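Load the model and keep the sequence panel open beside it. The stops below say what to select and what to look for.

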Amino acid sequence: MCQVYQNLFTTSYFRTNAVQDKDTVELCGALKNIVAVAAGFIDGLGLGGNTKAAIIRIGLNEMKMFCKLFSENSKESTFFESCGVADLITTCYGGRNRKVSEAFVKSGKSLEALEAELLGGQKLQGPMTAKEVFVPSS
């Protein structure tokens, strides 16, 4: 079925790629939001581009480790598709989780207040996902 959609949407000026690794695609879509929260903190603290790049690199590695733990069929190549590193970078530079996290550092307001103020009814996914995947060390 993926090939049908790929053929349907690919044109001479728009390339699509079907990724069969569904578990990793879905996990990347959730985990990127946690990394974006960290990127927003970095922006709010004014720590600069090198620090943000380091957070993105570390975050991508953490995403890969989590995906391998969750799904032994997770493929390394999936992280280099649009659903992986490309979406991670986009989210860390312009996503709502980054935006609200930066405002959190700068304003001192609660995440709930900023969510209502800045997102027009959308919800933050990063903090909720972080709660779901966090496993305290013993």
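This is a predicted model: local features need pLDDT of at least 70, side-chain atom pairs count only at pLDDT 80 or more; totals for chains, interfaces and linings use all residues.

Start by selecting Glu81, which counts as partly exposed at 22% relative accessibility. The cut-off for buried is under 20% relative accessible area, so the 22% of Glu81 puts this residue in the partly exposed class. Glu81 belongs to the loop between H3 and H4.

Is Thr78 buried or exposed? Thr78 is buried, with a relative accessible area of 2%. Show side chains here: that of Thr78 makes a polar contact with the side chain of Asp21, at 2.8 Å.

Zoom out and colour by secondary structure. The chain has seven helices and zero strands, and the pattern read along the sequence is α-α-α-α-α-α-α. The C-alpha trace spans about 50 × 45 × 30 Å along its principal axes. Colouring by accessibility gives another view: 33% of the 138 residues of the chain count as buried.

Rolling a probe the size of a water molecule over the atoms shows where empty space is left. The largest pocket holds about 380 Å³ of space. Which residues lie nearest its centre? They are Leu31, Ile34, Glu62, Met63 and Val133, from a lining of 15 residues. Helix H2 (22–45), helix H3 (49–70) and helix H7 (126–133) are the elements that give two or more residues to this lining. Select H3 to see the largest share, eight residues. Colour the lining by class and it divides into 13 nonpolar, one polar and one charged residues.

Now select the aromatic rings. How many aromatic pairs does a search of the whole structure find? The search finds one. A pair of aromatic rings is described by the distance of the centres and the angle of the planes. For Phe41 and Phe104 these are 6.1 Å centre to centre and 45° between the planes, and the pair is tilted. Phe41 sits in helix H2 and Phe104 in helix H5 (residues 96–107), so the pair ties together parts that are 63 residues apart in sequence. Check the exposure of each ring residue in turn. Phe41 is partly exposed, with a relative accessible area of 32%, and Phe104 is partly exposed too, at 33%.

Another ring to select is that of Tyr93. Show Lys52 with it: Lys52 lies over the face of Tyr93, at 3.8 Å from the ring centre.

For the last stop, select Ala53, which is found in helix H3. Ala53 is partly exposed, with a relative accessible area of 41%. Draw a C-alpha to C-alpha distance from Ala53 to Gln122: the two are 26 Å apart in space and 69 residues apart in sequence.

Note on methods
Residues are numbered from 1 along each chain as its sequence is written. Side-chain values use heavy atoms; hydrogens and water are left out. On a 1 Å grid over the protein atoms alone, a cavity is a set of points where a 1.4 Å probe fits but cannot get out, and a pocket is an open set with protein on both sides within 12 Å along at least five of seven lines; lining residues have an atom within 4 Å of a point. Grid points are joined across faces, edges and corners, and a volume is the space filled by probe spheres set on the points. Helices (H or I, at least four residues) and strands (E, at least two) are DSSP runs, numbered from the N terminus. Ala, Val, Leu, Ile, Met, Phe, Trp, Tyr, Cys and Pro count as nonpolar, Asp, Glu, Lys and Arg as charged, and the others, Gly among them, as polar. Rings of Phe, Tyr and Trp (its six-membered ring) pair if their centres lie within 6.5 Å; planes under 30 degrees apart count as stacked, over 60 as edge-to-face and the rest as tilted. Buried means under 20% relative accessible area, exposed over 50%, partly exposed in between (1.4 Å probe, protein chains only). A charge sits over a ring if NZ of Lys or CZ of Arg is within 6 Å of the ring centre and within 35 degrees of the ring normal. A polar contact is a pair of N or O atoms within 3.5 Å; within protein, one must be able to donate a hydrogen and the other to accept it, and residues adjacent in sequence count only if both atoms are side-chain atoms.
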